[in-house]
Structure formats: C-alpha cells, structure tokens
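Let me put the model up and we'll walk through the overall picture, then a couple of residues.

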Amino acid sequence: MSSMPLVSGQHPKNENRRSHARLRFERLTYANLGPDNGGVLINLSEGGLSFQGVGAVKKDQLIRLNFKLTRENAPIEAVGRVAWSNETGKGGGLRFTELTDETRAQIKNWIARETFFAGTLTGQATTQTAVARGPEPSERSPAQSLPTP
C-alpha cells in the first residue's frame, strides 16, 4: 500500500485532531450564545463545543456564552471563538478562549461521570461515542429558554 506524504499543516480527513474527549448530549441543553442569540448544545469537551443556534455566527467571531450541565452545577460561563459554522451560519463549533481552571475541571468531571454512566449501561461506551444526559426538562431554568428571533 502506498501513502502520500502530507504537506505541512494538512491532515488526513479521517484523522481526529481533537485534543480533548468530546461528549454528545442526549437531552436538550440550552445555551445563551451572546446578545440576541441562543441555541442548543450538540457536544462538549474541555476545549470547546458544537451548537445549533437561532442567530447566525461567523467564523472567528468571539462569543460570550453560558449554560448549565445539571441543575446542581453552577452555570458554565466562558468565551469562545467560532472555529467553523455550518451552511446556514447558525450552527458550528466553538473553541474556548477564556475558561477558568475551575470551570474546565467542572466540564472534565462531568464528561468523566457521564462517560462512566454511559459505559456502565452499554458496557462499551467511550468518550467519542458516549451520550450525555443533560438536564431534565423540569430542571431547566427560565434563563435557559431560547430567545425569540
């Protein structure tokens, strides 16, 4: 089998370049994505998240966001830069640029707990395939509702 050398900075399409375990949400988890924008989270890692928002975002845009992982947890507050957006411009990936050590630890511990829980149920889940439960609908605060366009 032959292989093509990669030009510096290129990555094969199937290579996972993420530096942190990422966990997909099973339940709706709402996020405030800055003024006049909100949405739902799709997945989360210590390094960032993916989302589907109500309003459009642009690549490299800085967004101040907040969301709750569970009713018991303090809200996650962070700033992130849009790394990519989908074809509608309303969804995409965000890389955290400002995240306290305490908040990073909260995310890391939540991912570990949810991964363990998912692995216990399936016997084989990994952080790449595990699904997070997120807050129950009854656990959501009024601040977690989506803004109206």
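So, of the 149 residues in the protein chain, 40% count as buried, where buried means under 20% relative accessible area with a 1.4 Å probe, protein chains only. Quick housekeeping: this is a predicted model, where local features need pLDDT of at least 70, side-chain atom pairs count only at pLDDT 80 or more, and totals for chains, interfaces and linings use all residues. Residues are numbered from 1 along each chain as its sequence is written, and side-chain values use heavy atoms, with hydrogens and water left out.

The accessible surface comes to about 9,500 Å² for the protein chain, and 52% of that belongs to carbon and sulfur atoms; that's Shrake-Rupley with a 1.4 Å probe.

On to the fold. We've got 1 helix and 8 strands, and from the N terminus the order is β-β-β-β-β-β-β-α-β. Those are DSSP runs: helices are H or I, at least four residues, and strands are E, at least two. Contacts here mean heavy atoms within 4.5 Å. Taking those with a separation of 6 or more, 54% are between residues 24 or more positions apart.

Now, Ala31. It sits in strand β2, residues 30-32, and is buried at 7% relative accessible area. Leaving out neighbours within four places in sequence, Ala31 touches Gly38, Gly39, Leu41, Asn66 and Phe67. Ala31 and Leu69 are 38 residues apart in sequence, and 10.0 Å C-alpha to C-alpha.

And what about Thr103, buried or exposed? Thr103 is buried, at 9% relative accessibility. It's in helix α1, residues 101-122, and beyond its neighbours within four places in sequence, Thr103 contacts Ile76 and Glu77.

How values were computed: Buried means under 20% relative accessible area, exposed over 50%, partly exposed in between (1.4 Å probe, protein chains only).
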